[in-house]
Amino acid sequence: MTTAARPTWDTARGGRGKGEGDLSALSKQYSSRDLPSHNKLKHRQVGQDTIDEVRSRDLRKELEEKEHLAQRERAKEKSGRGGTAEQVKRARLEHAPNLDADDPVDDDDDDDDDSDESDDEDDTAELLAELQRIKKERAQEEMRKEKEKKEEEERVRMENIMSGNPLLNPQNNFSVKRRWDDDVVFKNCAKGEDSKGQHFINDMLRSEFHKKFMEKYVK
């Protein structure tokens with residue numbers, strides 16, 4: 001009988017042999033995922049918005065230029081779609097820039113830039129005045145509608161009060177138009193029938209039907 005399947009004495013001792021006391025020394029194999037990775041810090045390169053590049057840029061000026069360009073494109077699109085001048089003006093008013101009195105003024109601009117800025121300021125002032133006028137008209141319209149709604153509700157409430165109490169309405173007629181038993185199911189069932197002298201007789205010759213038959217057909 002073979003003993004190949006039976007454990008040997010060294011295996012049965014459970015790791016007490018030479019070099020078997022440390023479990024980490026039993027195997028020299030490890031996975032590639034256990035290796036250290038991403039051990040180098042990445043930095044922004046030139047052209048990737050580094051700190052020096054961001055510091056040298058005027059982000060606010062770039063944002064205002066982009067907004068102004070976008071407003072012009074929207075106005076052109078609306079005018080190209082067949083919009084009226086009033087619609088274009090309303091669109092410009094809705095997208096008017098928020099002017100701040102504390103914004104710094106550049107002193108290095110030439111005369112042409114100054115004239116353009118003055119024209120833009122005049123246009124902006126006109127647009128803001130138009131915007132205020134439109135807001136005022138809308139507020140007045142809302143107030144008028146609210147007032148009309150309240151008056152209508154008050155009128156309906158007073159009508160309900162006057163018509164709810166029959167004593168306050170002289171046009172009401174308190175006479176009874178129908179009897180209380182007009183819609184009774186078995187009303188006047190025996191009307192026109194004479195119940196006197198009608199009684200049941202257990203005799204065909206002396207019954208009421210036989211008497212009427214004889215009087216009608218046999219005389």
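**Values against cut-offs**

Trainee: Why is glutamate 64 called partly exposed?

Mentor: Glutamate 64 has a relative accessible area of 43%. Buried means under 20%, exposed means over 50%, and partly exposed is in between (1.4 Å probe, protein chains only). The value 43% falls in between, so glutamate 64 is partly exposed. One caution on the source: this is a predicted model, where local features need pLDDT of at least 70, side-chain atom pairs count only at pLDDT 80 or more, and totals for chains, interfaces and linings use all residues. Residues are numbered from 1 along each chain as its sequence is written, and side-chain values use heavy atoms, with hydrogens and water left out.

Trainee: What makes arginine 60 and glutamate 64 a salt bridge?

Mentor: The rule asks for a side-chain nitrogen of Lys or Arg within 4 Å of a carboxyl oxygen of Asp or Glu. The closest N and O atoms of arginine 60 and glutamate 64 are 3.6 Å apart. That is within the limit, so the pair counts. Arginine 60 is partly exposed, at 47% relative accessibility.

Trainee: How do you know what counts as a helix here?

Mentor: Helices are DSSP runs of H or I with at least four residues; strands are runs of E with at least two; both are numbered from the N terminus. The protein has six helices and zero strands. From the N terminus on, the elements run α-α-α-α-α-α.

Trainee: Are the residues of the second pair, arginine 144 and glutamate 148, buried, partly exposed or exposed?

Mentor: Arginine 144 has 39% relative accessibility, so it counts as partly exposed. Glutamate 148 has 44%, so it is partly exposed too.

Trainee: How many salt bridges does the structure hold?

Mentor: The structure holds 11. Asp49, Arg57 and Glu62 are linked in a network of salt bridges.

Trainee: Why is histidine 38 called exposed?

Mentor: Its relative accessible area is 78%. That is over the exposed cut-off, so the label holds.

Trainee: How many aromatic pairs are there by the ring rule?

Mentor: The count comes to two aromatic pairs. Phenylalanine 209 and phenylalanine 213 form a stacked pair, 6.4 Å centre to centre with 25° between the planes. The rule pairs rings of Phe, Tyr and Trp (its six-membered ring) if their centres lie within 6.5 Å; planes under 30 degrees apart count as stacked, over 60 as edge-to-face and the rest as tilted. The distance 6.4 Å is within the limit and 25° is under the stacked limit, so both labels follow.

Trainee: How exposed is phenylalanine 213?

Mentor: Phenylalanine 213 is partly exposed, with a relative accessible area of 39%. Phenylalanine 213 also pairs with tyrosine 217, at 5.0 Å centre to centre and 45° between the planes. That angle is neither stacked nor edge-to-face, so the pair is tilted. Phe209, Phe213 and Tyr217 form one aromatic cluster.

Trainee: What makes a nonpolar patch of Phe209, Phe213, Met214, Tyr217 and Val218?

Mentor: Patch members need over 30% relative accessible area and no salt bridge; like charges are joined within 9 Å, nonpolar side chains (Val, Leu, Ile, Met, Phe, Trp, Tyr) within 5 Å. Valine 218 has 48%, tyrosine 217 has 54% and phenylalanine 209 has 66%. Together the five patch residues have about 550 Å² of accessible area, by the Shrake-Rupley method with a 1.4 Å probe, where for residues only the protein chains shown count as cover.
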